[in-house]
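Please look at the sequence and the structure below, and then follow the paragraphs, which move from the chain as a whole to a few of its side chains.

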Amino acid sequence: KDWYIPFENMTDKELKNYAWNNYSEKLENSRVSAIYRIPYHGNNVGAVKIQGQPINQFSFREKGDQLEVLTRKDRAKHNYFNAEYSSGSTYFASIHLSWFDQGVYEYPESNYVKLTDDDYGRKLNRFIGDHFLYADNISEQGPGEDITRISIFSTTTLTTAQQLNTSIYIEQMKKVGNNALLLGYDNNDALVFSSLSLEDEPGIVDSSVFRGVETSELRSHSFF
């Protein structure tokens, strides 16, 4: 309300320029994000501040009375999709839904579990069954040099069940029951589909290679 009244006669462009010139430096250096929970039945919207920034839409999962979140320590600047390339360590938090009924509070730093140290490259993540996958495309130097490191964590023990390295540059991770389908490209730019088992001994089961084709859409949708 205090913001709206003095600027109600300004155009959207003028408001955007004002906000950018006065607050962009603060936003760039911020390492706090806010998660909003919007009830369908008309109750109040709840919000919780968290450290860092979630990677993308797959960084969340509501399970029972908990909201599981994967977050990167440093926020990306300006562009939403830059979060996939943000720096800093990776953390996991399981937030009880009652937090969203208490106003707007910052989730205690002591409740986070650190999963990885500072790393680089494009990040992907996906909750699947009792696991979540964290893929780190750690090299983008040229043909024959791309490596994707896949860490498979248990959501019950928060320990690394398995870590795999593949020469496939993974672009998407799909949920198939309690297992995963990986989509990416090999060093010859061929499209590769790999099935990843998350059973007792996680690992890539099989791969199919398609040459001369490419995916029509890089982004995935959170409801699949």
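A residue is called buried when its relative accessible area is under 20% and exposed when it is over 50%, with partly exposed in between. By that rule Tyr-91 and Tyr-112 are both buried, and they will return below.

The model is a predicted one, and its chain contains 1 helix and 16 strands. The average pLDDT of the chain is 79, and 76% of the residues score at least 70. Confidence is lowest in helix α1 (residues 12-29), where the mean is 61, and highest in strand β15 (residues 191-197), where it is 92. Where pLDDT is low, the predicted coordinates should not be read in detail. Of the 224 residues in the chain, 40% are buried.

Across the whole structure there are 8 aromatic pairs. In one of them, the ring centres of Tyr-91 and Tyr-112 lie 6.4 Å apart with their planes at 85°, so this pair is edge-to-face. The pair links distant parts of the chain, since Tyr-91 belongs to strand β6 (residues 90-96) while Tyr-112 sits in the loop between β7 (104-106) and β8 (113-116), 21 residues apart. The rings of Tyr-107 and Tyr-112 are also edge-to-face, because their centres are 5.7 Å apart and their planes meet at 80°. Tyr-107 is buried, with a relative accessible area of 5%, and Tyr-112 counts as buried at 11%. Ring pairs join Tyr-91, Trp-99, Tyr-107 and Tyr-112 into a cluster.

Another buried residue is Asp-136, with a relative accessible area of 1%, and its place is in strand β10 (residues 131-137). The side chain of Asp-136 makes a polar contact of 2.7 Å with the side chain of Arg-149.

Methods:
Residues numbered from 1 in each chain as written. Heavy atoms only, no water. Helix = DSSP H or I, 4+ residues; strand = E, 2+ residues; numbered from the N terminus. Buried < 20%, exposed > 50% of the residue type's maximum accessible area, 1.4 Å probe, protein only. pLDDT = per-residue confidence, 0-100. Polar contact = N/O pair within 3.5 Å; in protein donor to acceptor, adjacent residues only side chain to side chain. Phe/Tyr/Trp six-rings, centres within 6.5 Å; stacked < 30°, edge-to-face > 60°.
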